[in-house]
Amino acid sequence: MNEADNHMKNNYYINFLNLVKALEPSVEIDQIDVTSKLILDEIAIGVAKEKPMTVSEIMGLKGLGSPATLHRKLTILLDAKLVQALFLANNRRTKYMTLTKEGEMHFNRLSQAMQSVQISNG
Amino acid sequence: MNTQLFWHNKAVTYVVVTLVFGTIYSLNILLTAPLLLAPGAHLVHLPSGFKFLLVLVFGVIGALSVFTVSLFAALGFYFAGMVPLSLELAFANALAPLLTTKFFKDHGWIKNDLADLKWKTLLIMGLLFSALNTAGNQMLLYWHEMTLNLADGMAIMFIGDITGVLLVFGLIRVAISGFTRLRKR
């Protein structure tokens with residue numbers, strides 16, 4: 001084992017950060033309100049079409065609520081770690097909303113549930 | 001103090017962790033003395049939760065700190081002058097969290113750096129730790145004839161350990177959530 005591996009093995013700070021992450025209270029998807037779920041759907045559709053939505057585009061979804069409400073709901077999704085704001089390519093001025101690994105897992109679970117319902121209905 | 005020194009110098013880590021755990025242990029003895037229902041067994045034992053978390057993060061260094069504090073507590077408070085028993089108890093106290101983490105790491109249920117550690121895994125680890133800690137301590141006490149009712153001692157100590165572990169997890173979760181809210185303001 002080289003020195004770098006040994007250093008990483010004994011890196012107590014990394015252990016501590018990972019422990020704090022495990023103990024961090026997280027919001028369960030069932031506790032998220034309907035408007036936030038609708039925003040999550042819009043973000044997922046954008047990701048599926050390979051055209052992720054910008055934060056301004058989400059604020060412009062007037063059918064779902066006022067910009068202030070949408071901002072609040074978007075924060076709920078960010079806190080629940082279902083979505084993340086990212087810079088894409090070299091554009092450092094616009095942030096795009098994409099799904100996190102947990103967000104993707106949520107849609108995978110929904111997809112599996114839909115498939116099992118279709119199978120059970122023949 | 002230089003935080004880099006704390007995280008990377010094992011001697012400094014050992015001294016600081018021992019002092020912190022020693023303070024928690026002493027405060028627990030002072031504040032919860034009436035809850036000592038059986039020899040070595042509190043109904044709520046917060047240091048057990050800290051003991052488990054310290055060994056989880058600091059590994060063998062954490063276990064050495066637990067050994068040191070447990071030895072001083074046994075010699076100076078619980079079983080004054082009984083050196084063999086105090087040494088054996090200190091060994092059992094350090095071994096229980098170390099064996100728990102080793103068992104989970106060996107089976108691949110947690111990683112060496114605790115990445116992707118889940119809340120549920122922590123709870124199961126807490127249960128195993130409480131069982132090992134209780135069994136080790138109470139069997140030693142029974143063997144040295146410090147307790148006459150092994151089952152009672154085991155039951156009280158297990159309840160104390162598990163409530164201690166859960167309370168410490170809960171307190172840390174509340175602290176993290178409070179800190180996150182403050183940071184957002």
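Two strands are taken to pair if DSSP finds at least two bridges between them, helices (H or I, at least four residues) and strands (E, at least two) being DSSP runs numbered from the N terminus. The structure is a predicted model, in which local features need pLDDT of at least 70, side-chain atom pairs count only at pLDDT 80 or more, and totals for chains, interfaces and linings use all residues. Residues are numbered from 1 along each chain as its sequence is written, and chains are lettered from A and ligands numbered from 1 in the order in which they are written.

In chain A, strand β2 (residues 83-87) runs antiparallel to β3(A) and is joined to it by 5 bridges. Strand β1 (residues 53-54) of chain A is also antiparallel to β3 (residues 95-99), with 2 bridges. A:Tyr96 in β3(A) stands opposite A:Thr54 and is the bridge partner of A:Leu86.

The contact between chains (C-beta atoms, placed from the backbone, within 7 Å) takes 15 residues from chain A and 19 residues from chain B. On the side of chain A that touches chain B, α1 (3-9) and α2 (12-23) each supply at least two residues, and α2(A) gives the largest share, 10 residues.

The largest nonpolar core has 36 residues; such a core is a set of buried Ala, Val, Leu, Ile, Met, Phe, Trp, Tyr and Cys residues joined through C-beta atoms within 7 Å, buried meaning that 20 or more other C-beta atoms lie within 10 Å of a residue's own. α3(B) contributes the most to this core, 15 residues. Another core, of 15 residues, lies apart from it and includes A:Tyr96.

Note on methods:
Two residues are in contact if their C-beta atoms, placed from the backbone, lie within 7 Å. A residue is buried if 20 or more other C-beta atoms lie within 10 Å of its own, exposed if 12 or fewer, and partly exposed in between; C-beta atoms are placed from the backbone.
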